[in-house]
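Q: I would like to learn how to read a helical model step by step. Could you take me through it?

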Amino acid sequence: MVIERKERFRQLVVDDLPRLYGLARRLVGEEAEDAVQDCLLKAFRSLNTLSDESAARSWLTAILVNCCRDRGRARLRRPDEVELEEAERFSLFRRIADEDPFPYSDSLHMDFLGQFDRDDLRRVLLTLPDIYRVPLVLVHMQGFSTKEAATLVDAPLGTVLARLHRGRKLLEKRIWEYAESHGLLKEGTT
Amino acid sequence: MISCSDAVRQLWEYLEGELADRDRDKVDEHLRACLRCCGEAEFADELRNFLASHGQDDALPEDVRQRLLESLDSMEETR
């Protein structure tokens, strides 16, 4: 019986491991493997709560988000109100146009984003507080709808929409700050 | 007509097709009249695509995969 259960669980999760690991990398960085281990253990122990195996992706995601939240809680850093107000007024589109870091470019904004590789973006994401990072990653990087994300993080839809908006504005601001501090505003850096 | 800040606030949901018809029509009306917000909308779309393309799964390192599979094998019922 236990062997059957283990085999069923293995079949459910084995093909999803790369996605789970990728999600965890964006949520807790270097602790991703430990977070996925936590998730697998919790999921196995609560396998009987999964009544519909077609819902396994969402079910595993919700468990992993919780495991990542537990790991991230200790180092949670919320932006202060001043930064949130600055972020609300910040427009990455306008800042790139105003600063014009690549004056010979025909596609300035695309060229700016092209300076960022996957690791750069992950580092920027990891500077965001969990309450903004988690919905951003679920909706804009993992393809969940805003309603699904609200269920996954156990928050009202309106709250998630507000966090997505603030999260995107903070992300824009911190993408620019990262580009400034990591020398990505010079032509020929990639 | 809605203000630029109201339009910009709704741009991503507009691009995702998640706005109600009435709100979508208001953003459409604003974008037809405001060149600057059209630029914001185009860039928001580029940023959406940038996030989605960088959200593809990372390669799962073989050593990590092995350890995760081993943990699956060693799981015991705990109640």
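Q: What percentage of the 190 residues in chain A is buried?

A: A residue is called buried if 20 or more other C-beta atoms lie within 10 Å of its own, exposed if 12 or fewer, and partly exposed in between, with C-beta atoms placed from the backbone. Buried residues make up 35% of chain A. Keep in mind that this is a predicted model, where local features need pLDDT of at least 70, side-chain atom pairs count only at pLDDT 80 or more, and totals for chains, interfaces and linings use all residues. Residues are numbered from 1 along each chain as its sequence is written, while chains are lettered from A and ligands numbered from 1 in the order in which they are written.

Q: How many helices and strands are in chain A?

A: Helices (H or I, at least four residues) and strands (E, at least two) are DSSP runs, numbered from the N terminus. Chain A has 11 helices and 0 strands, so its pattern along the sequence reads α-α-α-α-α-α-α-α-α-α-α. Along the principal axes, the C-alpha atoms of chain A fill a box of roughly 65 × 35 × 30 Å.

Q: Which domains does the assignment give for chain A?

A: Domain bounds come from an automatic or database domain assignment. Here the assignment gives domain 1 (2-75) and domain 2 (81-181), with C-alpha centres 26 Å apart. To see where they touch, count two residues as in contact if their C-beta atoms, placed from the backbone, lie within 7 Å. By that rule, 11 residues of domain 1 of chain A contact 12 residues of domain 2 of chain A. On the domain 1 side, H2 and H4 of chain A are the elements that give two or more residues, and H4(A) gives the most, with 6 residues.

Q: How do the axes of H4(A) and H10(A) cross?

A: Axes are lines fitted to C-alpha atoms, for helices over the stretch in contact, and angles run from 0 to 180 degrees between N-to-C directions. The axes of H4 (residues 56-72) and H10 (residues 146-153) of chain A come within 9 Å and cross at roughly 50 degrees. Angles under 35 degrees count as roughly parallel, over 145 as roughly antiparallel, 65 to 115 as roughly perpendicular and the rest as oblique; H4(A) and H10(A) are therefore oblique to each other. A crossing is left-handed if the near helix is turned anticlockwise from the far one by less than a right angle, and right-handed if clockwise. The crossing of H4(A) and H10(A) is right-handed.

Q: Which residues of H4(A) and H10(A) meet?

A: Ser58(A), Thr61(A), Ala62(A) and Val65(A) of H4(A) meet Glu148(A), Leu152(A) and Val153(A) of H10(A). For classes, Ala, Val, Leu, Ile, Met, Phe, Trp, Tyr, Cys and Pro count as nonpolar, Asp, Glu, Lys and Arg as charged, and the others, Gly among them, as polar. This contact has 4 nonpolar, 2 polar and 1 charged residues.

Q: What about H2(A) and H9(A): how do their axes cross?

A: The axes of H2(A) and H9(A) come within 10 Å and cross at roughly 145 degrees, and the crossing is right-handed. Leu23(A), Arg26(A) and Leu27(A) in H2(A) meet Arg133(A), Val134(A), Val137(A) and Met141(A) in H9(A). By class, the contact divides into 5 nonpolar, no polar and 2 charged residues.

Q: How many residues of chain A are in contact with chain B?

A: There are 29 residues of chain A in contact with 25 residues of chain B. H3(A) supplies the largest share of the chain A side, 7 residues. That side has 13 nonpolar, 8 polar and 8 charged residues.
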